[in-house]
Amino acid sequence: MAKRDYYEVLGVSRSCTEIELKTAFRKAAMECHPDRHPGDATAEIRFKEINEAYQTLSDGQKRASYDRYGHAAFEQGGFGGGDGFAASMSDIFDDLFGDVMNRRGGRNGPARGSDLRYNMEITLEEAFQGKVATLTLPASVACEACSGSGAKAGSKPRACPTCGGQGRVRAQQGFFAIERTCPHCHGRGEIIDNPCQACGGAGRVTRERSLSVNVPPGVEDGTRIRLSGEGEAGQRGGPAGDLYIFISTQPHPFFKRDGADLYCRVPISMVQAALGGEVEVRTIGGGAAKVKIPEGAQSGRQFKLKGQGMPVLRSRDVGDLYIHVDVETPQNLTKRQRELLAEFDSESSTTTHPEASGFFARMKDFFENLSGQ
């Protein structure tokens, strides 16, 4: 298949200038770039055709040969990649993604400061009520003496002569152009001849700051509070990062938390469990609540105190408090207490201890039936 005329491929006249040629190439390459047409074989072929045409016409000697002999000028030796191809591909990349880089502040523009993390431990009572905490923490802030520029008052940074203010330098290696951080300005794109004495040219200084943090009621372990703009100061006048405060709750001696609900283990005497009665327990809010224990209560019995748990974060809902009773077996009995218990045991029956009596009866029947099979 005969090759199309290179000028026709790029849509330019034979008398076009280098600028017109380059502009036409960029436009055509962006329209049919494979990244914009994934899986489109026609676009890929078109892209290669455009590159081949531009490699030839962007080189003065090759263009002169092409104008005189056409495609026959390169049929014997084929075409080399050369610097023009690498440069053209770099130009395409800049056209496609340069606007994204600019929106992010550019390579040597203002840079956003780093985010900071602070771990705050609070009590369960503080998680219930909420609190206003004052934090004192060191952080980098913009230098007031130089307004964050790093240059001494009355002077300004100048563009780096090595990279021309770009912050990066380009090295040609075969077909590819490789960019790396400028070794002279370390990516800043600027050179400070007269650094600020207050910050040593860094544009930032470390100071202790006091911040007031509102911890809302109902926070749980792992709750994250974000303070916008309270992180590290930005570089070259960029915005500050954010401060993230992570909440953890100290273990409580009486309550265990599960979401908005609280659980409390309450030991009761054998007599209380047998005869029934009332026990008074404290709630997380500092009040007192009475729990009625029915006659014959067993260990593990659970009682719910509605609305006595933790508040739900950013809601009017409140959890519940669950009381688990544990029947305590008497210890260190006196002689008289032993006699009374022995007398009680002699008069007990299956109705007094239905679970124990029924358990052993069922166990006996099970193994007798098993051995009889």
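Biologist: How much confidence does the predictor place in the protein, on average and by residue?

Modeller: The average pLDDT is 82, and 87% of the residues score at least 70. Where pLDDT is low, predicted coordinates should not be read in detail.

Biologist: How do you know that the span of helix α2 agrees with its number of residues?

Modeller: Helix α2 covers residues 18-31, which is 14 residues. The expected span is 1.5 Å times one less than the number of residues. That gives 20 Å for α2, and its end C-alpha atoms are 20 Å apart, so the two values agree.

Biologist: Which residues of α2 are buried, and what puts them on the same side?

Modeller: Leu21, Ala24, Phe25, Ala28 and Ala29 are buried in α2. They cover an arc of only 125 degrees around the axis, and therefore lie on the same side of the helix. An α-helix has 3.6 residues a turn, so residues three or four places apart point the same way. On the face of α2 turned away from the buried side are the exposed residues Ile19, Thr23 and Lys27.

Biologist: Why are β10 and β14 said to stand at the edges of their sheet?

Modeller: The open sheet has four strands in the order β10-β11-β15-β14, with mixed pairing. Strands β10 (255-258) and β14 (302-305) each have a single partner strand, so one side of each is left without a neighbour in the sheet. From one strand to the next, the twist averages 30 degrees.

Biologist: How do you know that β10 and β11 are paired, and in which direction do they run?

Modeller: Pairing requires at least two bridges. Four bridges join β10 to β11 (residues 261-269), and the two strands run antiparallel. Arg257 stands opposite Leu262, while Lys256 stands opposite Tyr263. The two strands form a hairpin with two residues between them, and Gly259 in the turn has a positive phi of about 70 degrees.

Biologist: What joins β11 to β15, and do they run parallel or antiparallel?

Modeller: Eight bridges join β11 to β15 (residues 321-328), and these strands run parallel. The bridge partner of Leu262 in β15 is Leu321.

Biologist: Which residues of β11 form its covered face, and which its uncovered one?

Modeller: Leu262, Cys264, Val266 and Ile268 make up the covered face, whereas Asp261, Tyr263, Arg265, Pro267 and Ser269 make up the uncovered one. In a regular strand the side chains alternate between the two faces of the sheet.

Biologist: Why is Arg314 called exposed?

Modeller: Exposed means over 50% relative accessible area. Arg314 is at 74%, and therefore counts as exposed. Arg314 lies in the loop between β14 and β15, and its phi, near 55 degrees, is positive in a residue other than glycine.

Biologist: What makes Asn332 exposed, and where is it placed?

Modeller: Asn332 has a relative accessible area of 76%, so it is exposed. Its place is in the loop between β15 and α8 (335-347). Asn332 also has a positive phi of about 55 degrees, although it is not a glycine. Most residues other than glycine have a negative phi.

Note on methods: Residues numbered from 1 in each chain as written. Predicted model: local features only at pLDDT ≥ 70, side-chain atom pairs only at ≥ 80, totals over all residues. Heavy atoms only, no water. pLDDT = per-residue confidence, 0-100. Axes fitted to C-alpha atoms, helices over the stretch in contact; angles between N-to-C directions. Buried < 20%, exposed > 50% of the residue type's maximum accessible area, 1.4 Å probe, protein only. Arc of directions from axis to C-beta.
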